[in-house]
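Here are my notes on the model you sent, as numbered points. Please read them with the structure open.

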Amino acid sequence: MSTSRVAVVTGSNKGIGLAIVQALCKQFQGDVYITSRDIGRGQEAVASLNSEGLKPMFHQLDIDDLNSITTAAAFFKEKYGGVDILINNAGIAFKVADTTPFAVQAEVTLKTNFFATRDMLSQFLPIIKAGGRVVNVSSFVSVYALNKCSPALQQRFRSEDITEEELGGLMQKFIDDTRKGEHKQAGWPDTAYGVSKIGLTTLSMILARRLFKERPNDGILLNACCPGWVRTDMAGPKAPKSPDEGAVTPVYLALLPPRATEPHGKFVSEKEVQTCGRGQEAVASLASEGLKAMFHQLDIDDLNSITTAAAFFKEKYGGVDVLINNAGIAFGVADSTPFAVQAEVTLKTNFFATRDMLTQFLPIIKAGGRVVNVSSFVGARTLNQCSPALQQRFRSEDIPEEELVELMQEFVNKAKKGEHTQAGWPDTAYGVSKTGLTTLSMILARHLSKERPNDGILLNAGCPGWVRTDMAGSNATRSPEEGAANLVYLALLPPGATEPHGKFVSDKEVQPW
Ligand SMILES: NC(=O)c1ccc[n+]([C@@H]2O[C@H](COP(=O)([O-])OP(=O)(O)OC[C@H]3O[C@@H](n4cnc5c(N)ncnc54)[C@H](OP(=O)(O)O)[C@@H]3O)[C@@H](O)[C@H]2O)c1
């Protein structure tokens, strides 16, 4: 029996798998196996790496064929006494334009990406050596698809007590539901690939828990990962990453140093454990369209979170070029929360917290920067419903920031005493918060003109229109994309532009205030 250590990569005759083998040949002390279902394609891949001076080994392995899996497992057991690194990379995906009936796509995709990979794990986990590393190449699409599942399904996939049998049953149910044309009613998303990768990520977590329990002293680490969006036959030439770049995270997990105890049972991307919070989900949904958004945590209600983020942008980028204060809340019309509470809570986020953002971020807005405060036409309408005295203050050119803050606080105090209408305020907490935000925008624009006259910063309040979101509901007239248009216009006002500045802008037009 060979005393060499050994690494096995499934589906490694091309794409990310081949790039993983290439990197392991350079970084891993031991034998590295290209495995392929087709011997000819596998040997061509070996030859291509030989021509670079690398010496991978080869073994046939079709993960769809249980006999092929058990033959390979027996070979590695006999020749090496087991396996040190197993990377389950083999996978398939139908192209978006493929007209194969969805039920067939579901069956074929889950067969390889979930059931066959599970067979690999069932046969190979018992021969993974102590200190071994197991990497399942999943995808961020699994996160995206999970979020599109019904709450009941999400609860099961996320639970800590789901068993391998239950998971297998759910994957089979997806296939059965697609055959009946009922998968959407049953709470499944419309993506066979996504569901197959939900299964693989969840399976990774289940098996990691089992390893921890059954082989606690063996120090094996098993994780699922996303390689990113990679230029391969699967993902096409437009993907931003090369196969070498796609291999980075799988190889990182395969080479976690001896005695490392984590990550284990995690979903890892860009060498980072993904917590799959709402922010990461949004990044994932854009990534599935090929867009590369970055992420930073930021709770505007938390001053500590604001100052942490401001310090981050200052240090990493020397400041900020475009700041869009979009975060906001609104109580539903039917909400029975007492008006005083609605007033306090709404103004806290929409006015006071947004003001905190501006206080902390304006000093780091770079010359030529653009600041957009997402206000609303409701703020303008609310202004017209205020008493003449209040209207006069909100419209005056000399209202200082402190006076505006006091007025907003007065509204909350009067609402608490049930006296806001007598004091000249209209009956809308959301409206008042946005009247405050638009007025604040005008005040701060005047400050900027005075204090940084040569910096060419433009700051405006903008209205997105009435937009179909969780806040405004499905009857609203605009899509989110349409709602973004005016705000993006203000954010991208060309260099050297001098206006609009300190205005309330709707549909790219300055509105009266
Ligand atoms: N590319 C991306 O942007 C991206 C993003 C996220 C996740 N992934 C995942 O990364 C992995 C590799 O994808 P890729 O982009 O490199 O795709 P690829 O270029 O199409 O390569 C897929 C590999 O899997 C092999 N394979 C498929 N079915 C197999 C089976 N039954 N037995 C053994 N090998 C089999 C293929 O072999 P043949 O040549 O014989 O077909 C090929 O070697 C997949 O699991 C994929 O889901 C890719």
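This is a predicted model: local features need pLDDT of at least 70, side-chain atom pairs count only at pLDDT 80 or more; totals for chains, interfaces and linings use all residues.

1. Asn 325 stands opposite Asn 373 in E10.

2. E9 and E10 belong to an open sheet of 5 strands, ordered E9-E10-E11-E12-E13, with mixed pairing. Which strands stand at the edges? They are E9 (320–325) and E13 (509–511); each has a single partner strand, so one side of each is left without a neighbour in the sheet. From one strand to the next, the twist averages 30°.

3. Helix H17 (residues 480–491) lies across E9, E10, E11 and E12, and H17 runs at about 175° to E11.

4. The loop between H17 and E12 contains Pro 500. The peptide bond joining Glu 499 and Pro 500 is cis, with omega about -5°.

5. Pro 263 is placed in the loop between helix H9 (243–254) and strand E7 (267–269).

6. E7 is part of another open sheet, this one with 8 strands in the order E3-E2-E1-E4-E5-E6-E7-E8 and with mixed pairing. The edges are taken by E3 (57–60) and E8; each has a single partner strand, so one side of each is left without a neighbour in the sheet. Within the sheet, E6 (residues 221–226) and E7 run parallel and are joined by 3 bridges. Cys 225 stands opposite Val 268 in E7.

7. Where in this part of the chain does Glu 270 lie? Glu 270 is in the loop between E7 and E8 (272–273). Its phi is positive, about 50°, although Glu 270 is not a glycine. Most residues other than glycine have a negative phi.

8. The ligand is surrounded by 29 residues, and the closest are Asn 13, Asn 89, Tyr 193, Val 230 and Thr 232. Tyr 193 has a polar side-chain atom 2.6 Å from an oxygen atom of the ligand. For Arg 41, a polar side-chain atom lies 2.8 Å from a ligand oxygen atom. For Lys 197, the corresponding distance from a polar side-chain atom to an oxygen atom of the ligand is 2.9 Å.

9. A last point concerns a helix pair. Two packed helices are described by the angle between their axes and the distance between the axes. Helix H5 (residues 140–148) and helix H6 (residues 151–158) pack at an angle of about 135°, and their axes are 8 Å apart. That angle makes H5 oblique to H6. At the contact, Leu 146, Asn 147 and Lys 148 in H5 meet Gln 154, Phe 157 and Arg 158 in H6. These residues divide into 2 nonpolar, 2 polar and 2 charged.

How values were computed. Residues are numbered from 1 along each chain as its sequence is written. Side-chain values use heavy atoms; hydrogens and water are left out. Axes are lines fitted to C-alpha atoms, for helices over the stretch in contact, and angles run from 0 to 180 degrees between N-to-C directions. Helices (H or I, at least four residues) and strands (E, at least two) are DSSP runs, numbered from the N terminus. Angles under 35 degrees count as roughly parallel, over 145 as roughly antiparallel, 65 to 115 as roughly perpendicular and the rest as oblique. Contact means heavy atoms within 4.5 Å. Ala, Val, Leu, Ile, Met, Phe, Trp, Tyr, Cys and Pro count as nonpolar, Asp, Glu, Lys and Arg as charged, and the others, Gly among them, as polar. Two strands pair if DSSP finds at least two bridges between them. A residue is near a molecule or strand if one of its heavy atoms lies within 4 Å of it. A polar contact is a pair of N or O atoms within 3.5 Å; within protein, one must be able to donate a hydrogen and the other to accept it, and residues adjacent in sequence count only if both atoms are side-chain atoms.
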